[in-house]
Amino acid sequence: MEFYVIAEEEIVIGFHLVGIEGSIATNRQEALDGFFHAVKEVKPKVVILTEEVASLLDAEVAEWNLSGNFPLLMEIPGLQGKLPERKTLVQSIRESIGISV
């Protein structure tokens, strides 16, 4: 499997319509269960998380990204749109190397 999604029910159903499996997460425990199921059992190349789910798993996502392990974790906006307090990957890179435009 190439992709796996962990998100709200509507998003998981949408991804399922195009052949991508996933887990529904409405709280931290469901998000943790889905995350560990994906990385230990399903083993996709990319795990897609909504920003809401990623915010429930901040410590785990940060630790996973720093470890350099696969699958790659990718955040997408949720049903409510982009969360204003979440930084994009580009913003984080620019901040870490000191580039401002």
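Predicted model: local features only at pLDDT ≥ 70, side-chain atom pairs only at ≥ 80, totals over all residues.
Reader: What makes Glu 60 and Arg 28 a salt bridge?

Author: The term asks for a side-chain nitrogen of Lys or Arg within 4 Å of a carboxyl oxygen of Asp or Glu. The closest N and O atoms of this pair are 2.7 Å apart, so the pair qualifies. Glu 60 sits in helix H4 (residues 58–67) and Arg 28 in helix H2, 32 residues apart. Helices here are DSSP runs (H or I, at least four residues), as are strands (E, at least two), numbered from the N terminus.

Reader: Are Glu 60 and Arg 28 buried or partly exposed?

Author: Buried means under 20% relative accessible area, exposed over 50%, partly exposed in between (1.4 Å probe, protein chains only). Glu 60 has 17%, so it is buried. Arg 28 has 38%, so it goes down as partly exposed.

Reader: How many salt bridges does the rule give, and what does Glu 2 pair with?

Author: The count comes to 2. Glu 2 meets Lys 45 at 3.5 Å, N to O, so that one passes too. Glu 2 lies in the segment before strand E1 (3–7), while Lys 45 is in the loop between helix H2 (28–42) and strand E3 (46–50), 43 residues apart. At 43% relative accessibility, Glu 2 is partly exposed.

Reader: How do you know that the buried residues of H4 line one face?

Author: Those residues are Glu 60, Val 61 and Trp 64. Seen down the axis of H4, they fall within an arc of 95 degrees, so they line one face of the helix. The arc is that of the directions from the helix axis to the C-beta atoms. The face turned away from that side carries the exposed residues Ala 59, Glu 63 and Leu 66.

Reader: What do the buried residues of H4 pack against?

Author: H2, E3, helix H3 (51–56) and strand E4 (72–76), where contact means heavy atoms within 4.5 Å.

Conventions. Residues numbered from 1 in each chain as written. Heavy atoms only, no water.
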